[in-house]
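Hi,

Here is the model we talked about. Have a look through it first, and then read on for my notes.

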Amino acid sequence: MKKSLIALAVLAASGAAMAQSSVTLFGVVDATYAYGSGSVSNRSQLTNSGYNSSRLGFRGVEDLGGGMTASFWLEAGVNNDNGTGGSTNTNNQATGASASGGLVFNRRSTVSLSGGFGEVRLGRDYTPQFWNLTVFDPFGTNGVGTTQTLNSSLGGPVTVRASNSIGYFLPGKLGGFYGQAQYYLGENASNAANKKDGTGLALRAGFANGPINVAVAFSDTKYLAGNIKTFNLGGQYDLGMAKVMAHYNQDRNSAATAPDGSGWLIGGLIPVGAGEIRLAYSTYKTDVAVGADPKSNKLALGYVHNLSKRTALYATYAHVSNKNGAAQALNGAVTAAGSNSNGYDLGIRHSF
Amino acid sequence: MKKSLIALAVLAASGAAMAQSSVTLFGVVDATYAYGSGSVSNRSQLTNSGYNSSRLGFRGVEDLGGGMTASFWLEAGVNNDNGTGGSTNTNNQATGASASGGLVFNRRSTVSLSGGFGEVRLGRDYTPQFWNLTVFDPFGTNGVGTTQTLNSSLGGPVTVRASNSIGYFLPGKLGGFYGQAQYYLGENASNAANKKDGTGLALRAGFANGPINVAVAFSDTKYLAGNIKTFNLGGQYDLGMAKVMAHYNQDRNSAATAPDGSGWLIGGLIPVGAGEIRLAYSTYKTDVAVGADPKSNKLALGYVHNLSKRTALYATYAHVSNKNGAAQALNGAVTAAGSNSNGYDLGIRHSF
Amino acid sequence: MKKSLIALAVLAASGAAMAQSSVTLFGVVDATYAYGSGSVSNRSQLTNSGYNSSRLGFRGVEDLGGGMTASFWLEAGVNNDNGTGGSTNTNNQATGASASGGLVFNRRSTVSLSGGFGEVRLGRDYTPQFWNLTVFDPFGTNGVGTTQTLNSSLGGPVTVRASNSIGYFLPGKLGGFYGQAQYYLGENASNAANKKDGTGLALRAGFANGPINVAVAFSDTKYLAGNIKTFNLGGQYDLGMAKVMAHYNQDRNSAATAPDGSGWLIGGLIPVGAGEIRLAYSTYKTDVAVGADPKSNKLALGYVHNLSKRTALYATYAHVSNKNGAAQALNGAVTAAGSNSNGYDLGIRHSF
């Protein structure tokens, strides 16, 4: 017997109070033909997540009464080109990284309690320091167009997500102000040389109202090889005929021998009928050595054509130019230090 | 399009006959801040399953007519602090243990045929010898309060579950009597030195009626390093103002050089408004050497506060004292032989 | 709260246009007691997929209007005897094989766009060269009865499925004619010695109308160790009282030192009340050395008894005779070169 799931209620993505209890199955299957070229080698792939990250998820919300809700969110990355799952990191340290293989709820696995006080969220989740990079990137940190401030980032294992986290989110009705705090644990033994490795605190605050959305974030993560402090801010303005956006990010490592890095992006989204043009220029520079700061500049241009709200075709082209020994390359290509790389994605994104 | 699942029918946990066919998605997301201290090192974690085991499952039942039903049950453990899955064991031997990583249906993966004759169940399932330890533990073998008869157990790879099992359950309507038998295969080649390794037989019988529930179980599992026979019994009486419970467990190894072990628990559950107080004292002793039997005694105290049937907050404190070289420690702490360990959990359990 | 999924609409297995959007959860749990004997060793197992492959899947279709649909299909193998998932291959090469462990969508993970032009399907999917082996095998390439043309096949990593594939299917309404083409990528770097390793092209065409179904397939896959060309054809005729079927398969390796192989099957399915008798004789020969071509002949006999459309009991017996150094054995047994092997399955298949 084949069973299908009936559409009943859409859940809010955040833990905002809802009067109805429900469980939702959701996902994205995004396949892309990706080509990359570099001075050393090129690569052709049928890969995934060129526009949105492929995933399979289960989430639900329960109305506890009195304005309180409990909710859960289990979301697994899916490499739909070969069927494998994504990778997670169990301790926010280099030692905790898992190879891509079986399905894991690497994208998010949380349980929350929400109410007038806001939301307390426990588990594996995005870090506050990641949001400005993706929200204010026209390419949403997916595919060949992903901002160079993420691709070159020196933010360490918690650049995007953290495991073992305790998060707090401000409630939704604060006149446009929003904010979150997150503490994540490395969980090492108290007598270990790196007892604080993978432990950190991060904050984000912003304001969204009408056409404007701006936010700032800061994080401080302990690592045996040097603590990393990340600071970033970003903003977006909706002109109607286009959305313009920009962000700046810097990563500082407390170890004298470890490089710092910083970069920025400027870009925009231009609606065109059922589609959207995407444009971004981004750059990131690290101070590896005196007088020779590797730097990568990226130009990305794309178009998304919506066949429906759930299904879209897309094409993205990107070019990276490397300076002072940087060797960033696109879509699996390899390029020599100081050489360029080009790449493109042609794909389809289907969500459910 | 977001789709939600409509509540339609609750499935019986056992294979009792049902008139309606259905498929059910179910799960638990339980997150806990866990702290443990010992004489060597302490540990802080945001971990999972402090009250109930986190899981994601799919199960269904089909009415075949004539009082017969077919059913399936696929249930995966979820480490929701970092998104990984649980671990299973493919051959009931030390060699078959898998590391925690991708999602596996380690908790249960079975198909059943049920009728007036009872239930035949095939696949990976709990062993009969496990039930008395968990049913008659106020902490349900979860979290820092877990009975020491499980934490110190010498029962081997099939202490909790067995793969490759053929199980039989008595039908439900026997005036309160219940029982099950299970045969599990190690699946080794017939010419292997350890050809029976991981193969065993286990039985459990009990009686539940009104306030009383008692049961006894026995298992005999072949291992290359010595066969293990486990015997246990337990009981519970519901006084109304409280449930009191106790169990006794012993593990005997046929190898002269391998230690035997035994232990017991006494505990209770006391309803308090929307909550419940949990109390247990448990102990386990092994006869490693003449005149020096390592022994661990555990005292656990907890409180669960139900926000709803599905959502609860909980706190548990436990203390272990070790004697004669035992070194059991709590929540990831490490303690020296003969030293104590303390731990506590503070968490939230949400089920769906 | 337990939630169950309501039956609403059955999805077509192919991408044929549908007027309604839906998401479907589906699966099979098939458990079997499997015994195999050989001249070296025998083996007893409680294993899976003796009749149909155990699986858990999620699929959906969206009506885009104008005769167009988008659809996805994520299907994971499940080893329900121990809870592990299946194995996939990320690059269609020997290096890309993954061990069975966590759940992966190894059976199929695709996204499709369909319309009057047919279907374009991207991701991991069955290869065109596999279909004739399974469709025209009375045992559907499952269990101890599986055709020897698959068990001895020299078709390489893409014998059954390919990752990174771009597939095209003819539309459904062509008077019985059907066809598909598939290109799959090994995704190696352009400067690698084996840059085309795992890359291939395959085609299949057939005709199905009334009692007849015939098809032919061809594939050409590049490997560092020698390219493999597979050719096969098969057919089935429904006599009413029985279906008779046959297929032929050959695998040619371009490397002079690598063996070629070929084989065929003849078999039938005979309906008997609520059940079906299954019969097949198959053989496969490889030209490993001059004058000594290893050859395995297999006779398989089975019976399936349907308790419902979803649930069936089955029994299968098979015998393999090996010649000229072949050593094929059944159900985990090991047999010496030139010796025989016997095996049987006794199982239950439940689908949902």
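Which residue of chain A comes closest to the rotation axis? That would be A:Gly102, with its C-alpha at 2.3 Å from the axis. Before the rest, some housekeeping. This is a predicted model, so to speak plainly about what was counted: local features need pLDDT of at least 70, side-chain atom pairs count only at pLDDT 80 or more, and totals for chains, interfaces and linings use all residues. Residues are numbered from 1 along each chain as its sequence is written, chains are lettered from A and ligands numbered from 1 in the order in which they are written, and side-chain values use heavy atoms, with hydrogens and water left out.

Symmetry

Chain C goes onto chain B by a rotation of 120 degrees with 0.0 Å of shift along the axis, at an RMSD of 0.0 Å (copies are superposed by least squares on the C-alpha atoms of residues with pLDDT of at least 70 in both). The two copies are thus related as by a three-fold rotation axis. For chain A on chain B, the superposition is again a 120 degrees rotation with 0.0 Å of shift and an RMSD of 0.0 Å. In chain C the residue that comes closest to the axis is C:Gly102, at 2.3 Å for its C-alpha.

Interfaces

Between chain A and chain B, about 3,800 Å² is buried, 67% of it on carbon and sulfur atoms. Buried area here is the accessible area (1.4 Å probe) that two parts lose on being put together, summed over both. On the chain A side, A:Val23, A:Val111 and A:Glu187 lose the most area to chain B, together 14% of what that side buries. The contact (heavy atoms within 4.5 Å) takes 50 residues from chain A and 41 from chain B.

For chain C and chain B, the buried area is about 3,800 Å², with 67% from carbon and sulfur atoms. There, 41 residues of chain C are in contact with 51 residues of chain B.

What about salt bridges, and how many are there between chain C and chain B? The count is 0, and across the interface of chain A and chain B the rule finds 0 as well. The rule asks for a side-chain nitrogen of Lys or Arg within 4 Å of a carboxyl oxygen of Asp or Glu.

Salt bridges

Over all chains the structure holds 17 salt bridges. In chain B, the side chains of B:Arg55 and B:Glu75 meet in one of them, at 3.4 Å from N to O. B:Arg55 lies in strand E4 (residues 55-65) and B:Glu75 in strand E5 (residues 68-79) of chain B, so the pair ties together parts that are 20 residues apart in sequence. Helices (H or I, at least four residues) and strands (E, at least two) are DSSP runs, numbered from the N terminus. B:Arg55 is buried at 18% relative accessible area, and B:Glu75 is buried at 4%; the cut-offs (1.4 Å probe, protein chains only) are under 20% for buried, over 50% for exposed, and partly exposed in between.

B:Asp125 also forms a salt bridge with B:Arg108, the closest N and O atoms being 4.0 Å apart. This pair links strand E8 (residues 118-126), which holds B:Asp125, with strand E7 (residues 108-115), which holds B:Arg108, the two residues being 17 apart. Both B:Asp125 and B:Arg108 are buried. In chain A, salt bridges that share partners join A:Arg108, A:Glu119, A:Arg121 and A:Asp125 into one network. Within it, A:Glu119 and A:Arg121 have their closest N and O atoms 2.8 Å apart, and both residues are buried.

Helix H1 and a serine

In chain A, 6 of the 8 residues of helix H1 (residues 128-135) are buried, so the helix is largely enclosed by the rest of the structure. The buried ones are A:Pro128, A:Gln129, A:Phe130, A:Asn132, A:Leu133 and A:Thr134. Helix H1 of chain B is mostly covered too, with 6 of its 8 residues buried.

A:Ser37 sits in strand E2 (residues 22-38) of chain A and counts as buried at 18% relative accessibility. Leaving out residues up to four places away in sequence, A:Ser37 touches A:Asn42, A:Leu330, A:Ala333, A:Asn340, A:Ser341 and A:Asn342.

Cheers
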